[in-house]
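Morning, everyone. I have one structure to walk you through, so please look at the screen.

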Amino acid sequence: MIELAVFGAGRIGHVHALNAAAHPSVRLKYIVDPVPSEAHERLAAETGADMVDTEMVFSDADISGVVIASSTDTHAELLLRAAESGKAVFCEKPVSLDFATVARVSRVVEEAGIACLLGFQRRYDPNFRFVRDRIVSGQAGALEHIVMHTRDPSPPPRAYVERSGGMFRDQAIHDFDMARYLLGEEIATVYAAGNSLIDPEIAAAGDIDTAMITLTSVSGRFVQMINCRRAPFGYDQRLEALCSREVLYVENRPQRGVMIADAEGFHSSTPMNYFIERFADAYRAEMHAFVDMIETGAKPLAGIRDGLEAQRIAEAAIVSMKTGTAVHITPDWNP
Ligand SMILES: NC(=O)c1ccc[n+]([C@@H]2O[C@H](COP(=O)([O-])OP(=O)(O)OC[C@H]3O[C@@H](n4cnc5c(N)ncnc54)[C@H](O)[C@@H]3O)[C@@H](O)[C@H]2O)c1
């Protein structure tokens with residue numbers, strides 16, 4: 001059995017703790033969360049884990065991997081602790097809101113040589129994976145451009161926005177990562193326009209809720225991203241990839257797989273509610289990949305370098321939006 005610890009028992013920590021405990025090769029030994037709550041105690045009881053502090057995890061030589069699902073401002077320090085103690089790590093995005101810290105921590109993690117999976121779960125979603133595999137196999141022909149829609153069901157509360165690092169680092173980072181994953185090359189130019197059109201509280205917190213972002217890859221291919229904090233029907237998470245022989249569409253996944261037709265028309269259900277539901281398969285697959293990394297040394301679909309490169313694009317998008325000009329990225333570009 002592999003013994004794991006999960007940091008953070010909030011929204012995503014809850015998902016990862018349950019997936020770890022359900023894995024047949026895992027004993028979830030510890031959960032760490034400094035904020036006492038009944039929900040955390042229930043999660044510990046359900047998973048059979050002990051609630052402990054950070055020191056306990058890193059001083060236990062039997063713990064071979066840690067899942068960092070705590071608040072963003074704790075990721076960098078916990079990654080450094082994992083690198084120092086030689087434990088494998090599955091870390092949620094983003095590594096830090098400060099780009100210099102992301103770059104420094106990435107270097108340390110790479111030099112330490114620990115196994116590291118970064119939480120870009122869309123790479124583990126069966127539909128996005130299908131698109132990637134079909135492009136890589138050559139069946140779809142040459143990929144020429146991608147259009148992505150990411151719209152949350154409703155704007156997050158102001159307190160969340162204030163700690164999030166802004167929509168590009170918090171939400172659009174998944175799309176920046178998907179762009180690199182499907183293109184199979186780096187982004188060379190970013191042009192971003194953003195505004196707060198939905199919620200004055202978001203503007204008051206200094207963030208945007210609506211953005212149009214155009215990326216150009218090193219070889220000159222395009223990605224158009226539409227990012228928004230609201231969709232009146234729920235979670236909107238779609239992609240189309242235009243290739244020379246095929247167009248590949250990832251559609252929203254309906255809550256009900258049955259369409260009802262009557263004299264008024266055809267009625268389908270609304271899409272799966274939000275990321276926890278929509279990406280449930282992907283989060284499970286991520287946990288399996290993490291265990292595989294520890295057991296067999298298999299490479300993850302997303303590692304620490306992918307976290308760094310997606311964040312470089314997010315930082316360039318912020319600069320572009322502020323200056324109103326396209327930003328050219330080189331491998332060592334930083335904000
Ligand atoms: N990949 C995804 O789909 C996805 C989805 C949601 C959140 N996230 C990321 O996961 C992280 C957590 O987000 P969330 O929405 O679950 O937040 P959350 O606020 O619901 O939970 C965070 C938890 O971390 C705890 N915490 C704070 N400091 C800690 C520490 N030092 N050690 C252990 N626990 C600590 C908090 O008490 C809280 O319970 C964020 O970085 C976020 O960007 C990723």
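Let's start at the ligand. Keep in mind that this is a predicted model. The ligand is surrounded by 21 residues. Gly8, Gly10, Arg11, Ser70 and Glu92 are the closest of them. Which element gives the largest share of this shell? That is helix 1, with three residues.

Now zoom out to the domains. Domain 1 covers 2–114. Domain 2 comes in two pieces, 123–278 and 309–328. Their centres, taken over C-alpha atoms, are 27 Å apart. How many residues make the contact between them? Eight residues of domain 1 touch six residues of domain 2. On the domain 1 side, helix 1 (11–22) and helix 5 (99–112) each give two or more residues. That side has five nonpolar residues, one polar and two charged.

Angles over 145 degrees count as roughly antiparallel. Who meets whom? From helix 5 we have Phe99, Val102, Ala103, Ser106, Val109 and Glu110. From helix 12 we have Ile304, Arg305, Gly307, Leu308, Gln311 and Glu315. By class, that contact holds six nonpolar, three polar and three charged residues.

Proline 94 sits in the loop between strand 5 (88–91) and helix 5. Most peptide bonds are trans. The bond between lysine 93 and proline 94 is cis, with omega at about -15 degrees.

One more helix pair. Helix 6 is residues 126–137, and helix 8 is residues 167–183. Their axes also come within 9 Å, but the crossing angle is roughly 30 degrees. Under 35 degrees counts as roughly parallel, so helix 6 is roughly parallel to helix 8. Helix 6 brings Phe128, Val131, Arg132 and Ile135 to the contact. Helix 8 brings Met178, Tyr181 and Leu182. How does this contact divide by class? Six residues are nonpolar, none is polar and one is charged.

That's my tour. Over to you.

Technical notes:
Residues numbered from 1 in each chain as written. Predicted model: local features only at pLDDT ≥ 70, side-chain atom pairs only at ≥ 80, totals over all residues. Domains from an automatic or database assignment. Contact = placed C-beta atoms within 7 Å. Helix = DSSP H or I, 4+ residues; strand = E, 2+ residues; numbered from the N terminus. Nonpolar A, V, L, I, M, F, W, Y, C, P; charged D, E, K, R; others polar. Near = placed C-beta within 6 Å. Axes fitted to C-alpha atoms, helices over the stretch in contact; angles between N-to-C directions. Parallel < 35°, antiparallel > 145°, perpendicular 65-115°, else oblique.
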